[in-house]
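Dear colleague,

My findings follow it, grouped by region.

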Amino acid sequence: MILATIMKIYLDTSTLNRIFDDQSQIRIALEAKAVQSILLLLESHTVDLYSSEALTYEISRNPYPERQTFCTQVLQAAQHTQALNPTILERGQFLETHHNLGAIDALHVACAEQMGVDYLITCDDRLIKRYLGSLTLCNPVQFILTITSPHQP
């Protein structure tokens, strides 16, 4: 697979933590495999990872040290980390109020929009369904299927 341009992706915490979830459910197992594939794409510099202070904050609150360490290590590969600033906070508040997103999800979206990422990858169906903006949100399986399609965008 050769991509014309390197895609910019943002992985939220549900995605970063998916490989630790109980994989006895088929969907979770598929998403975990897709996340592993995304990590290989990062390692091979096929995609660029973008992060945010909101993501760093959420990861720091994870009560499981091994998950926290893993997520922190993944984020070390980020090409850019979006700081929280008044513009991001205002956009996050708008998304929370008008799109009915949770506060931290709204900040993830606001940061990803500000950085101009190509994909925000999440395992949160509710987030995908409620966000009505121009950013492309998808789950890890959808992302892998999209970029490996012969008719990729």
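Cysteine 138 is found in strand S5, which spans residues 137–138. This is a predicted model, and every value that follows is to be read accordingly. With a relative accessibility of 6%, cysteine 138 counts as buried. Setting aside residues up to four places away in sequence, cysteine 138 touches Tyr119, Leu120, Ile121, Thr122, Ile128 and Phe143. Cysteine 138 and threonine 15 are 123 residues apart along the chain, yet their C-alpha atoms are separated by 10 Å.

Not counting residues up to four places away in sequence, phenylalanine 143 touches Met7, Ile9, Ile38, Leu41, Val47, Tyr119, Ile121 and Cys138.

The helix that carries phenylalanine 143 may be taken next. The buried residues of H8 are Pro140, Phe143, Ile144 and Ile147. Seen down the axis of H8, these buried residues fall within an arc of 95°, so they line one face of the helix. They pack against strand S1 (7–11), H1, H2, S2, S4 and S5.

Helix H4 (residues 65–75) can be described in the same terms. Its buried residues are Arg67, Phe70, Cys71, Val74 and Leu75. Viewed down the axis of H4, the buried residues fall within an arc of 130°, so they line one face of the helix. The elements that cover them include helix H1 (13–16), helix H2 (26–43), strand S2 (47–52) and H3.

I turn now to the aromatic rings. How many aromatic pairs are there? The count comes to two. In one of them, the rings of phenylalanine 20 and phenylalanine 70 have their centres 5.4 Å apart and their planes at 75°, so the pair is edge-to-face. Phenylalanine 20 lies in the loop between H1 and H2, whereas phenylalanine 70 lies in helix H4, so the pair ties together parts that are 50 residues apart in sequence. Phenylalanine 20 has 29% relative accessibility and therefore counts as partly exposed.

The rings of tyrosine 119 and phenylalanine 143 have their centres 5.1 Å apart and their planes at 75°, so this pair is edge-to-face as well. Tyrosine 119 lies in strand S4 (residues 119–121) and phenylalanine 143 in helix H8 (residues 140–148), so the pair ties together parts that are 24 residues apart in sequence. Both tyrosine 119 and phenylalanine 143 are buried.

The packing of two helices may also be of interest. Helix H3 (residues 53–60) and helix H6 (residues 103–115) pack at an angle of about 145°, and their axes are 8 Å apart. On the H3 side the contact is made by Ala54, Leu55, Tyr57 and Glu58, and on the H6 side by Ile104, Leu107 and His108.

Serine 51 is found in strand S2. Is serine 51 buried or exposed? At 2% relative accessibility, serine 51 counts as buried. Leaving aside residues up to four places away in sequence, serine 51 touches Tyr10, Thr56, Leu75, Ala78, His80, Thr81, Gln82 and Met115. One of these contacts, Leu75, is among the buried residues of H4.

Phi of histidine 45 is near 60°, a positive value in a residue other than glycine. Histidine 45 is found in the loop between H2 and S2 and, at 56% relative accessibility, counts as exposed. Asparagine 100 likewise has a positive phi, of about 60°, although it is not a glycine. Asparagine 100 is found in the loop between helix H5 (86–98) and H6. With a relative accessible area of 48%, asparagine 100 is partly exposed.

Yours sincerely

Definitions and conventions:
Residues are numbered from 1 along each chain as its sequence is written. This is a predicted model: local features need pLDDT of at least 70, side-chain atom pairs count only at pLDDT 80 or more; totals for chains, interfaces and linings use all residues. Side-chain values use heavy atoms; hydrogens and water are left out. Axes are lines fitted to C-alpha atoms, for helices over the stretch in contact, and angles run from 0 to 180 degrees between N-to-C directions. Helices (H or I, at least four residues) and strands (E, at least two) are DSSP runs, numbered from the N terminus. Contact means heavy atoms within 4.5 Å. Buried means under 20% relative accessible area, exposed over 50%, partly exposed in between (1.4 Å probe, protein chains only). The arc is that of the directions from the helix axis to the C-beta atoms. Rings of Phe, Tyr and Trp (its six-membered ring) pair if their centres lie within 6.5 Å; planes under 30 degrees apart count as stacked, over 60 as edge-to-face and the rest as tilted.
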